[in-house]
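Let's take a walk through this structure, one region at a time. Have the sequence and the 3D view ready.

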Amino acid sequence: MMSNNITITIDGIACEAQEGEYILNVARANGIYIPAICYLTRCSPTLACRICLVEADGRRVYSCNARVKDGMNIVTQNEAILEERRAIMEVYDVNHPLQCGVCDQSGECELQNYTLELGIDSQHYAIPDTKRGTADWSSVLHYDAGLCIVCERCVTVCKDMIGDAALKTGPRGGDPLDKSYKATMPKDAYSMWNKLQKSVIVPSNGTEYTNCSDCGECTAVCPVGALTERDFVYQSNAWELRQIPATCAHCSSGCHIYYETKHTAIGNSKEKIYRVKNEWNYQSLCGAGRFGYDYENSSAVKDKTAFDRAVAALQKADTIRFSSMITNEEALMLQTLKETQGVRLVNPDARAFQSFLRAYAEASGQGIYPDDFKSIMRESDFVVTVGTKLRNDNPNVRYVFNNIQKMNKGAGIYFHPVGDALVPTFGKNVETFEHKPGEEELAMHLVLDLFADREALPDSVRKTIEAYHEPRTRTVTEKVMEEVTVTETDPETAEEKTVTKKVPKTVEKEVEYDHNGLVEALGGDAEHFDEIFGKMMNKKESFALILGEDLYFHPRADNLARLAALIEDVCAMKLAMVPPRSNALGVALICDLDAEATGYVVGYNAPGDFILSALGTGDLDMPALNQQEGTLTNMNKRVVPTNAALPYGGYELNDLMNSLGLGKTLTVDWTTSLPEDRGFVAIDFDALPNGYANDGQEHRGYLLDVPPAEKTATEIAPFDGDGVLEGQIAYRCNPQRQFSDFTDKAHQIFEPFALYASPEKAEELGKRVTVVFDRGSLELDVIVDERIRGDIVEIPDFQSNKNIYALFGDNRYATVTLRKGS
Amino acid sequence: MSLEQFKNRNVGVQHYRMLDLSHTPQTGWGQFKQVVRRTLSLELFVGLKVTLREMTKALFFGKMHTTKYPFEKLPVGPRYRAIHEMKRLLESGHYRCIGCGLCEKICPADAIRIETAYGEDQRKQVQEYTINFGRCIFCGYCAEVCPELAIVHGGRYETASEQRASFSLFDDMLTPIDRLKEQKEFPGYGSVSPDADKRIHKTPLAY
Ligand code: SF4
Ligand code: SF4
Ligand code: SF4
Ligand code: SF4
Ligand code: SF4
Ligand code: FES
């Protein structure tokens, strides 16, 4: 999207702005305050509240949906505007229950704030109240219609950001407004009231339950106490809670969060996390981040004998196996152990990602993928994903995909073997390809075919692509006007006469078209794809390609990385990759990883002969990530700090390092030693900021600055079809909201460790199956995931002791035999 | 948000200041001299003068001034501000406290803690409420801030206890249900002002 800098004046202050921005956002970026209730920064304006009313060049506009023009002069407040705003607030207060004393939102309620700010101390309007009850919409959502001001923020965020579109407005059954108000009230307040009086919020699927992703974002954006988290209802007042800025470590999105803590109970002063909050204007969370907060290792004490055994274990260790739920600092400690003691470091997901990144670097000359997800979300209007299960792998990548459809009038192509019922609903220009596992290279070729300048392609690739094209004919039905002669009777004169008329008629016609074999091979509608794609490309300017974990765990990962480099080179597409696990990117940059574990294995949150565990189940306790400070590297290539929310009573990895003579005083003293040749910057932990500015600028840690690599291997091998899997396929994929043992430990996340299948497949399989892999077998319950389509079944890997990586090996897909019953 | 609080990791290093104790004798001889000086100066009897005088009056002239506490107690005024009482609604007998937590917030001694939950009846339920009388300074802020006239001070002034952190639970303070009729109320802090009718704007009603 083009950006042109212009200047506008708001309340006499000259403000820099970009053509096409909303007035409200320009004002916010310049520290000028305009009240606004229904607008959410990254979603579409709904014009439900109308309180953001301002005057632009003397005309009344709503600042949340009026775009700035060069030289515009804006007045944010005058008597007429204030009168309108006061009337709006009075209307919101009509029949709003006077129950701030028990309301969970009290103290952080926008209705309270604006009512006080506008000095509403009396009421001029009245209407009989309607009974509006409470409802539990899901395991986490609690709605109190009595408190709802129908700002529709929940509806908007669920549609424009999350993508579930699980909420809508429904009938309230309220009395119509007294006609006399129309003439006597300010007009915006009247029309706002008119709408308010007709609606409440209901699940959009027509049932009593949302049946959604349970991300809880709707509860976060609700300005009042109407939508709350079920577990938090009446647990604590907002002002009692201490906010700890932190980073969610469940997946690689590394979202900014606040843990909110308070003493556990009257008789127990230990801090407890009551909820997680977010800066919802700039960062959306998923259900794991919002509800999976209580995974701390609470019972840890300093057990000296266990500690001594751990030191001895580390001294004799041949291998350290660890998960990516680890800070950069700890990863650096492990790398130091490797360098000084020669241990092998094993972490399957980070290793696969590391070698993919390396292959990409060798092919492209860039040290890391060039773009980040935030800029893709802001700027791109056409997004393609290959090899990432959008709904499960990384919720924020899915939000990016969805938000592009909704906000940038975008289009998207989703390549994935597992069919999904939700992704196609993100927008009308979303195409999905349910190709076979192993055909990812074909998908990449199709991307090249669609987006690359043919001439710029290397000969071999161009020839491969051209070989898939052939002219064919298809039958189209067309409407033509045909002249027919009919005999009509004039109704007045009863005379018969013949007239010639033109009537529409549908005819079938054979037309020639360019048949794209790639589309056909990938399971698409090759006959009509050119038309579909033409429509998708309409007015598109900025393209993006997102790659995911399927490609890192792929027999031909290197070739895929080279294809990615080629696409980046010739396609004018932004390119970003989804790191497979929490801090997989950090680990991939910091550690030299080995393929196989040998000899005596020390596991850090992973299986081993001696286990260091933040779950409290190992041989020595370690702090969980909500009990530690340190940095994480997120998918936006940002090194972000996290702070400890809860106390921890045991030993840390740094203590073990100290016993080995390798430690530092504090864990965060390692922050400045992170490898600068891999893009880290030597900044003191305490100097790292962790928040957002009013204009949405992210001030969190710093951005990686990975130096370029040497371009060595760019040759692309032709697709040979060897790796394509047929038959019954299992896919290693966690249910939504589950990522690791840590989410599993959290009490509000209960998605079980089971086999997930489409409704039809689940019916076929029955209640329980034995899954037989080449390398072993596993018995699992069968659970229906309503949103899966097709025959592939999903097997989670979030419980590390189930050793699922070993069953799947270096591929995320496996051919398996499913045996019914036990 | 400021991150200052997270940067001080020296928890426990307080700012203690030592008293000026320069007069303490350092040698054994010095200490001995101090004892002799204090004993022979008969300072003790200066302090006891009034006591001895009153004792003589009481013992020999029958002029007794003291109340034989704890066998006798003086009546306290109805607005006495000692140990808190939790009131009930006169009609239903339900406790008045709505669990708003304002008393907990305003308490300058941080003596109040309250636990609430979502009740069976879908209302906010007070599960437990405590005041730590080792901390309470009887300032009356809690009673003043309470929007429900639920908490008030009462006449129970005997706060001595074996433990410093003696506290009261919700049930200890709540008006016993069988004595609901005796529950008293007073105008003043916290209660509706006598001219309330004049001072509010009436909200229109559509019924
Ligand atoms: S939503 Fe806001 S105004 Fe309404 S009762 Fe709750 S705190 Fe009070
Ligand atoms: S539930 Fe909350 S966010 Fe949704 S419309 Fe009502 S007030 Fe707005
Ligand atoms: S929890 Fe998330 S998915 Fe469900 S209704 Fe709310 S915003 Fe939508
Ligand atoms: S799990 Fe991932 S997407 Fe969800 S809140 Fe945490 S970091 Fe964000
Ligand atoms: S201020 Fe009154 S109503 Fe509120 S919690 Fe305290 S005692 Fe209960
Ligand atoms: S914020 Fe603009 S109409 Fe609500």
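To be counted here, a residue needs a heavy atom within 4 Å of the ligand.

## How to read the model

This is a predicted model, where local features need pLDDT of at least 70 and side-chain atom pairs count only at pLDDT 80 or more, while totals for chains, interfaces and linings use all residues. Residues are numbered from 1 along each chain as its sequence is written, chains are lettered from A and ligands numbered from 1 in the order in which they are written, and side-chain values use heavy atoms, with hydrogens and water left out.

Among the residues around ligand 1 are A:His96, A:Cys100, A:Cys103 and A:Cys109. A:Gln99, A:Gln105 and A:Gln112 are also in the list for ligand 1.

Ligand 2 has 14 residues around it, and A:Cys148, A:Cys151, A:Glu152, A:Cys154 and A:Cys222 come nearest. Its shell has 12 nonpolar residues, no polar ones and 2 charged ones.

## Where chain A meets chain B

Contact here means heavy atoms within 4.5 Å, and the contact between the two chains takes 38 residues from chain A and 32 residues from chain B. Together chain A and chain B bury about 2800 Å², with 56% of it on carbon and sulfur atoms. Buried area is the accessible area (1.4 Å probe) that two parts lose on being put together, summed over both. On the chain A side, A:Tyr234, A:Ile266 and A:Asp686 lose the most area to chain B, together 24% of what that side buries.

Which charged pairings turn up across this interface? The rule finds 0 salt bridges between chain A and chain B, a salt bridge being a side-chain nitrogen of Lys or Arg within 4 Å of a carboxyl oxygen of Asp or Glu. The rule does find 10 residue pairs in polar contact, both at pLDDT 80 or more. A polar contact is a pair of N or O atoms within 3.5 Å; within protein, one must be able to donate a hydrogen and the other to accept it, and residues adjacent in sequence count only if both atoms are side-chain atoms. Strand 11 (242–247), strand 12 (256–265) and strand 13 (268–277) of chain A each supply at least two residues to the side that touches chain B. The largest share, 4 residues, comes from strand 11 of chain A. By class, that side of chain A has 18 nonpolar, 14 polar and 6 charged residues.

## Inside chain A: domains 2 and 3

Chain A is assigned domain 1 (304–347 + 592–703), domain 2 (355–465 + 538–577) and domain 3 (729–820), with bounds from an automatic or database domain assignment. The C-alpha centres of domain 2 and domain 3 of chain A lie 26 Å apart. Their contact takes 20 residues from domain 2 and 21 residues from domain 3.

The area buried between domain 2 and domain 3 of chain A is about 1700 Å², and carbon and sulfur atoms give 52% of it. A:Arg391, A:Asn392 and A:Phe553 supply 35% of the area that domain 2 buries against domain 3, more than any other three residues. The rule finds 6 salt bridges across this interface. A:Asp393 forms a salt bridge with A:Arg812, their closest N and O atoms being 2.8 Å apart.

## Two backbone details

Most residues other than glycine have a negative phi, and most peptide bonds are trans. The peptide bond from B:Tyr69 to B:Pro70 is cis, with omega near 5°. A:Leu47 has a positive phi, near 55°. A:Leu47 sits in the loop between helix 1 (23–29) and strand 3 (53–56) of chain A; helices (H or I, at least four residues) and strands (E, at least two) are DSSP runs, numbered from the N terminus.

Methods:
Nonpolar A, V, L, I, M, F, W, Y, C, P; charged D, E, K, R; others polar.
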